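Hi everyone, thanks for making time today. I'd like to walk you through one model, so please have a look at it before I start talking.

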Amino acid sequence: MSVDELRRKAQKLEKRIYRRNLREYAAAIFVIAVFAWKTAVSTVAFERIGSSLVVACTLYVVYHLHRKGSPGTARPDTAFAPLLDFYRTELERQRDLLRSIWSWYLGPLAFPMFVLMLGTAMTKPSARPSVLLSLAPLVALVLLVWKLNQRVARKLQREIDALQKDAQT
């Protein structure tokens with residue numbers, strides 16, 4: 001692999017991470033706005049608590065994503081070996097971020113959603129059947145997001161392995 005090809009791969013990864021983070025930040029702004037509004041207008045304690053937790057957890061997710069998942073930038077004048085180390089490190093950071101998605105993304109966001117559902121079921125007995133019905137799609141969505149992230153983490157690992165193999169030859 002030439003230094004130019006490696007630089008293109010590093011830039012492509014940087015752009016992909018940047019676009020992913022931008023989508024996550026936009027979604028977070030929407031979620032925060034909706035649940036902050038819900039916190040303000042709700043008269044039910046569980047809804048206020050659950051909605052406040054969604055806002056707080058979303059802020060945590062954004063903070064963690066920014067801190068651990070922001071793309072690094074390769075210097076344009078970097079030689080091959082340092083650029084290869086940079087690229088491999090970026091791949092490893094993103095892989096590790098995706099592998100740990102339960103601890104910083106899914107868990108923190110699923111918990112307040114379950115609080116909201118539990119609160120609705122406790123305070124509005126007539127809503128219990130619809131709460132139970134909405135639980136299955138929520139669990140399915142969480143599992144889908146987890147599986148998709150694990151698939152991308154495996155893809156990143158294959159790329160890391162290929163880099164290792166190429167470096168040994």
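First, some ground rules. This is a predicted model, so local features need a pLDDT of at least 70 and side-chain atom pairs count only at pLDDT 80 or more, while totals for chains, interfaces and linings use all residues. Residues are numbered from 1 along each chain as its sequence is written, and side-chain values use heavy atoms, with hydrogens and water left out.

Now, confidence. pLDDT is the predictor's confidence in each residue, from 0 to 100. The protein averages 91, and 99% of the residues score at least 70. When I say helix, I mean a DSSP run of H or I with at least four residues, numbered from the N terminus.

On to salt bridges, meaning a side-chain nitrogen of Lys or Arg within 4 Å of a carboxyl oxygen of Asp or Glu. How many does the structure hold? There are five, and I'll show you three of them.

Start with Asp-85 and Arg-88, whose side chains meet at 3.3 Å, N to O. These two are three residues apart in helix 3, residues 80–99, so about one helical turn separates them. For exposure, buried means under 20% relative accessible area, exposed means over 50%, and partly exposed is in between, with a 1.4 Å probe and protein chains only. Asp-85 is partly exposed at 42%, whereas Arg-88 is buried at 14%.

Next comes Glu-90 with Arg-93, where the closest N and O atoms are 3.1 Å apart. Both lie in helix 3, again three residues apart, about one turn of the helix. Is Glu-90 buried or exposed? It counts as buried, because its relative accessibility is 7%. Arg-93 is partly exposed, at 26%.

Arg-95 counts as buried at 12%, and Asp-96 is partly exposed at 38%.

Now the surface. Patches are made of residues with over 30% relative accessible area and no salt bridge; like charges are joined within 9 Å, and nonpolar side chains (Val, Leu, Ile, Met, Phe, Trp, Tyr) within 5 Å. Lys and Arg count as positive and Asp and Glu as negative, with His and the chain ends not counted.

There is a patch of positive charge whose members include Lys-9, Arg-16, Lys-147 and Arg-154. The elements giving it two or more residues are helix 1 and helix 5, residues 128–168. Helix 1 gives the most, with six residues. Arg-154 sits in helix 5 and is partly exposed, at 47%.

There is also a nonpolar patch of about 330 Å², made by Trp-102, Phe-114, Val-139 and Leu-143. Helix 4 and helix 5 are the elements that give two or more residues to this nonpolar patch. Leu-143 belongs to helix 5 and is partly exposed, at 40%.

Last stop: where does Thr-73 lie? You'll find Thr-73 in the loop between helix 2, residues 45–69, and helix 3. Thr-73 is exposed, with a relative accessible area of 56%. Thr-73 and Ala-10 are 63 residues apart in sequence, yet 8.2 Å apart in space, C-alpha to C-alpha.

Key: Areas by Shrake-Rupley, 256 points an atom, 1.4 Å probe, with all protein chains shown as cover. Charge placed at Lys NZ, Arg CZ, Asp CG, Glu CD.
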